[in-house]
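Dear colleague,

My notes on it come after the sequence and coordinates.

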Amino acid sequence: MSRLLPHLIYLGLLFLINSCKTDMTAKKLKTEIGKELEKNKGVFALAFKDLQTGEEILLKEKEFFHAASTMKTPVMIEVFKQASQGKFSLNDSVTIKNEFKSIVDSSPYQLDSVDDSEKELYKQIGTKRKISDLVYDTIIVSSNLATNLIIEQVDAKKVTATMRDMGAKDIEVLRGVEDGKAYEKGMNNRVTAYDLMLIFEQIAKGKAVDSFASDQMIKILLDQRFNDVIPAHLPKEVKVAHKTGWITGLHHDSGIIFLPDGRKYVLVLLSKKLENEKEGVESMAKVSEMIYNYFKSKTRTVL
């Protein structure tokens, strides 16, 4: 024991030194991130979490943002939760329609395919599609029509309740997409970077519903077609399971980043009040690259 003790003390000191170096590097990185984002007129939030060490880098992580399509990840989680409870099967079919009820007064409204990133589903009105197919379209091509059909199936209030059960205290899913009357009254879906980080962490750790559901959700998220923020400047061998969201003056991305060596982290980037969306998106993509380079360079000290 006497010979082993000095060696253990040395390793312990090495661990503390490495930890301090990492902490200082993280502080410097946060400063550099701030400088990059400050090049733009707008408001940004960031939440990063190393899923091995638990280290976090946070910036305006509790500020509310209009959710845009990032709320489709909570909706997907609710679908898998209710399917696991036997309320329906993912192979069950839903009739495609384009008429929904406003949460304000139950008056009907329709979606316009011009404003949707996916058009083909509008050509299938009156036919049936599997719930699993609609969830897939909700995530990878951000179909608003598929989203509204799914929300009608699972109930927006239950989506929010599940978020609370998962520890996400501020995510609010009130309604489907393009409910004009609700929008005019300020009744919007909202998120924070911190809460999105929490739910993606649980997906990554197999704790969103269960390990099978989490794995299935990751497979869907990996097929994301819109890749202009988090994955934009990352190497091709790095895999990103993520969900984007955007409306005028606002652009978001949120997901899990998988490195070839098996390590992974969660990153959420939110923005609003962007005067130049193209430049704002490019800055967020650069921030993602900065986070990746920092994460990749970190050494793991094992005692």
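Predicted model: local features only at pLDDT ≥ 70, side-chain atom pairs only at ≥ 80, totals over all residues.

Five strands form an open sheet in the order 2-1-11-10-9, and their pairing is antiparallel. Strand 2 (56-59) and strand 9 (239-247) are the edge strands, each of them pairing on one side only. From one strand to the next, the twist averages 5 degrees. Lys-49 has Glu-56 of strand 2 as its bridge partner.

Helix 7 (residues 193-204) lies across strand 1, strand 2, strand 9, strand 10 (250-258) and strand 11 (264-272). Relative to strand 11, helix 7 runs at about 150 degrees.

Helix 5

Helix 5 comprises residues 156-165, and its buried residues include Ala-156, Val-159, Thr-160, Thr-162 and Met-163. These residues lie on the same side of helix 5, because they cover an arc of only 160 degrees around the axis. In general, an α-helix has 3.6 residues a turn, so residues three or four places apart point the same way. On the face of helix 5 turned away from the buried side, one finds the exposed residues Lys-157 and Asp-165.

Both ends of this helix deserve a remark. The N-terminal end of helix 5 is capped by Asp-155, which places a side-chain oxygen 3.0 Å from the backbone nitrogen of Lys-157. After helix 5 comes Gly-167, with a positive phi near 95 degrees.

Asn-98

Which loop holds Asn-98? Asn-98 is found in the loop between strand 4 (93-95) and strand 5 (100-101). With a relative accessible area of 14%, Asn-98 counts as buried, since the cut-off for that term is under 20%. The side chain of Asn-98 reaches the backbone nitrogen of Leu-111 at 2.9 Å. Leu-111 is also one of the residues in contact with Asn-98 once neighbours within four places in sequence are left aside; the others are Tyr-109, Gln-110, Tyr-122, Ile-125 and Leu-145.

With kind regards

Definitions and conventions
Residues numbered from 1 in each chain as written. Heavy atoms only, no water. Pairing = 2+ DSSP bridges. Helix = DSSP H or I, 4+ residues; strand = E, 2+ residues; numbered from the N terminus. Axes fitted to C-alpha atoms, helices over the stretch in contact; angles between N-to-C directions. Contact = heavy atoms within 4.5 Å. Buried < 20%, exposed > 50% of the residue type's maximum accessible area, 1.4 Å probe, protein only. Polar contact = N/O pair within 3.5 Å; in protein donor to acceptor, adjacent residues only side chain to side chain. Arc of directions from axis to C-beta.
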